[in-house]
Every structure is written in C-alpha cells, then in structure tokens.
Amino acid sequence: MSAAHDHHHGPAKGLSRWLYTTNHKDIGSLYLWFSFAMFLLGGTFALVIRAELFQPGLQFVEPNFFNQMTTMHGLVMVFGAVMPAFVGLANWMIPLMIGAPDMALPRMNNWSFWILPFAFALMVSTMFMEGGGPNFGWTFYAPLSTTYAPPSTTFFIFAVHIMGASSIMGSINVIATILNMRAPGMTLMKMPLFVWTWLITAYLLIAVMPVLAGVVTMMLFDIHFGTSFFNAAGGGDPVLFQHLFWFFGHPEVYIMILPAFGVVSAIIPTFARKRLFGYDSMVYATASIAFLSFIVWAHHMFTVGMPLAGQLFFMYATMLIAVPTGVKVFNWVATMFRGAMTFETPMLFAIAFVVLFTMGGFTGVMLAITPVDFQYHDTYFVVAHFHYVLVPGAVFSIMAATYYWLPKWTGYMYDETLGKLHFWLSFIGVNLLFFPQHFLGLAGMPRRIPDYALQFANFNWISSVGGFLFGFSQLILLFVVIKCVKGGKKATDQVWEGAQGLEWTVPSPAPYHTFETPPDPKLIHAQ
C-alpha cells in the first residue's frame, strides 16, 4: 500500500483496507480468494451429483434438487470459480508484467470485484426460495427457463446481470491498462503471452457479455411482461434462445481457456529453461482462436433441425479451430524439447494441462463432425469432453499459476512436497472422474438425469470415486496456500533451483523505470 493511499485518515486498517482498496495486488488477492471459495462451493454441488450417480436408483436427492445441483454447479464454476480466478491473476500480474504502477481504472477495479459476492449470494439464495433455485441447466434453455421455471428465476436473471457488469468493467480495465500503461520500449510484440491472452480475452468479454444480458432480459420480459420471444404460441421461437445463448456461450468457453494458454506459456519456458518457441505464432494463434470462436456457436445446436448448409458451415468452422490450437500445443512441446527440464509443481500442472487439454481437444473434433454428433449430443461423452478442457485445462492452469506465483505474492516458498502430493492426487482423481464418462456417453447414457440403467453402473461407480478423490484433494491446496501466506522459507530472486540467469516471473525485459523516478534517457537510447 502506498502512503498516499488514504491521506485523509492515515493508512487504512483491517476491513476498510479490503473494502476500499484500489491496489491491484489487493484486488487480485480478493478475486483469487473469492474464486477459491466458489470453487469449493461449486465442487460441493458436483459431489452431490456424483453421490447420487454412485449407483443406480434414487438415493440421496429428489430429481428436482438434482437438476438444481447440475444447474448451480455449472453456473458457480463458470462465473464464480474460473472467470474470477483469471481476473485475479490478471489484476496481480498484468501491471507487474508491463511495468505499470497499477491498473488504469483503480476505483472501477474495486467496484467490479465487490459486486461479485452480492451476485453470488443472490444466486445461491435462490435455492432457499419457494419452488427452489434454477433447475433448468446452466444453459437455461427457454421455454423451460421461462414458461416452466421456478419463481426464483427473476433473481437468477438479476444475478447474471451483475456478474456480466463485473466482467465488462474488468475487461475495460484490462484493455485500458495494457494499451496505455506499458513501460517505454515494451511494444505489443514484446509483452509476455499472459498479457496478450488477457488482452484478447477482454475483447471477447466486451463483445459477448451484452448478448448474455440481452438474452436474460428477453427471458425476464417473457416471464413478466407478456412478450413471446421464446414462446412459439405467441409467434416466438425457442431456438432463437439457443442462438443468442450460444453466441455468448461459445466465445465464453474460449474466455475460460485463453488466459490458461498465457499461464502455461509463462511456466513451460521457465522450467524448460528455454525461451518460448514461436512467440509470434502464439500471438497470431490466440487471435485466430478468438476470431473463430464467434463463427462456431451453432455446433451446440446440430440437433435442432438446421439446414444442411448451416450444419456444414458450422462443422468446417469448428474443425478449423483445431489448427491454431494445434500450433499452440506444438509450440509448447517444442519449448520443452531438449530443454533442461525440472518438474516442480507448477511444471507438473502445466505438462498435465498440455496432455489432458489436448485430449479434450480431440474429443472436441469428434463432436464437431455433425452426423457423429447426432449420436454424442446430450450424452455423457459431451460432459467428458468439456470437463477435460475445463478441469485439467482451465482449472489446472489456475493451480499451476497459483504455485508459480505464490512465492512472488507472499515472499515465501510453498511446501513443494505437499504441492506434488496435491498434483498427483488431483491428476489421478480427475482422470478417474472424467475418463469413464467417455465410455458412458458412447454407450448412450444421457446428461442431466439423476438415474440410469444398470449397464452404466460400473463406470459411474469409478467416476464418483474419482470425483470424491479430486474434490477432497483440493483441501491440500487450501492448506498449502494458507501455510505459504503465513511464512516459511523466504523466496529469493532465485526461486526455482538451478534456474541460473533465468528471470522466473516474466520472460520480458525489465521496465526502464518504476514510475518513482523519471526514466534515464541513456537507457532508452541504448535500446
């Protein structure tokens, strides 16, 4: 905290420090702690699902509550766990990586965080309202979410609006910071890839959040004001909902993975002790993925009765995304190739990311093939696919980033043994959890159903065991982080053993000045 921070009342103490803070590091920490709380909450919802599916028959919860669990699990994980975690990483690291004193709009930064706890309190409170919480899936397809929805849906819509406002403010802040506050000499093509991925992600967010706001507002009008946007009886079209939702929803899934690419592109060069292979191509690949993410949305809708030309377009466009994604994967592998690799916890998570995310990518290519998707659609194969991209993908990269930057954030080294234990239990758990779901889906088990036929029992048993293993392993991460924050071995400039001469924080030139003193003109001309 700077001395000038609170010049009226002396330095801010206790609660008011966190309530009023405009410091990007404080706000980054708030986002990260909040997202971790949401991760544990969303994970608890997931364990209710897995407990119910542990064996055939209805054991633990009523079908309606089961539907609330599938809905809330998805919403909390996407909007409460993954996205705020990446925003927290952006807040913490972007100013440090580009040599800026803080984010461009610090007051708005504070606001964009503090509305989130209220949005999620509102959303979770719907479960205690008459008729229960949202029970229509995280994609909230109309007319199920309008004509047949519980009364609490109105509050769910308001919560989504607040989350969207937070995302838009955070994105404007990221863009303003990166475009206006880089240190002299740091051109765009010298920025660390994490900064690049976030710049592109921020543009995606600003483009799609208004579409989500529009579609939930149309729902609100259908529910309360007699419109028929999604009601065929009144001249509307339920499929319109799907087009609007997925025009937001598909770029959204890339919003959840692009910052992960940035994290992994920082970690792999550090532990391979080589510069990132193909920096420029990584930037162009990221931009290509972002562009393509806007023209593939209807691959979520192959079974709605699209014209053949539409099916073909969306099939080819979707398969095209495999090209820039493949470029990135090959670049990460080339970075590791003949590197002097060591396997500290961040590297383990990063390598697991590359392998398992690629697997999720392959099943994505399978789902992109329209006639084949007719068989896969709405089965557990789809669940397996997107969880392979989101859990060992997005979530593992957040864990990798946490271990990688914890010494920088706290000044102390985390417990490496516990970190490795956390990795291996998570790695085994996540594969036990999601790999069998491919087989369940191919055998025809549908998604979002609380009961199933006997032939699916064995794989569901394995999947549930993996789920509980993965879920409870996360308590190790909580312990490691708290232990590290409290103290321990001091982190030096040489955090990672044997990384001689390698700057472990950012693969970029140090800024010319710290904004405390004017820059030295000789340094600038030397460049």
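## Helices H12 and H15

H12 and H15 lie roughly parallel to each other (an angle under 35 degrees), so let's start with this pair in the predicted model. H12 packs against helix H15 (residues 416-442) at an angle of about 10°, and their axes are 10 Å apart. Axes here are lines fitted to C-alpha atoms over the stretch in contact, with angles from 0 to 180 degrees between N-to-C directions. Helices are DSSP runs of H or I with at least four residues, numbered from the N terminus.

On the H12 side, the residues in contact (heavy atoms within 4.5 Å) include Leu348, Phe349 and Leu356, and those of H15 include Phe423, Trp424 and Phe427. By class, this contact has 10 nonpolar, 6 polar and 2 charged residues.

## Helices H14 and H16

Next come helix H14 (residues 380-410) and helix H16 (residues 457-486), whose axes are 10 Å apart at an angle of about 15°. That angle makes H14 roughly parallel to H16.

Among the residues that meet here are Phe396, Met399 and Tyr403 in H14, and Phe470, Leu477 and Val481 in H16. The residues of this contact divide into 11 nonpolar, 3 polar and no charged.

## Reading the model

Residues are numbered from 1 along each chain as its sequence is written, and side-chain values use heavy atoms, leaving out hydrogens and water. Local features need pLDDT of at least 70 and side-chain atom pairs count only at pLDDT 80 or more, while totals for chains, interfaces and linings use all residues.

Key:
Helices (H or I, at least four residues) and strands (E, at least two) are DSSP runs, numbered from the N terminus. Angles under 35 degrees count as roughly parallel, over 145 as roughly antiparallel, 65 to 115 as roughly perpendicular and the rest as oblique. Ala, Val, Leu, Ile, Met, Phe, Trp, Tyr, Cys and Pro count as nonpolar, Asp, Glu, Lys and Arg as charged, and the others, Gly among them, as polar.
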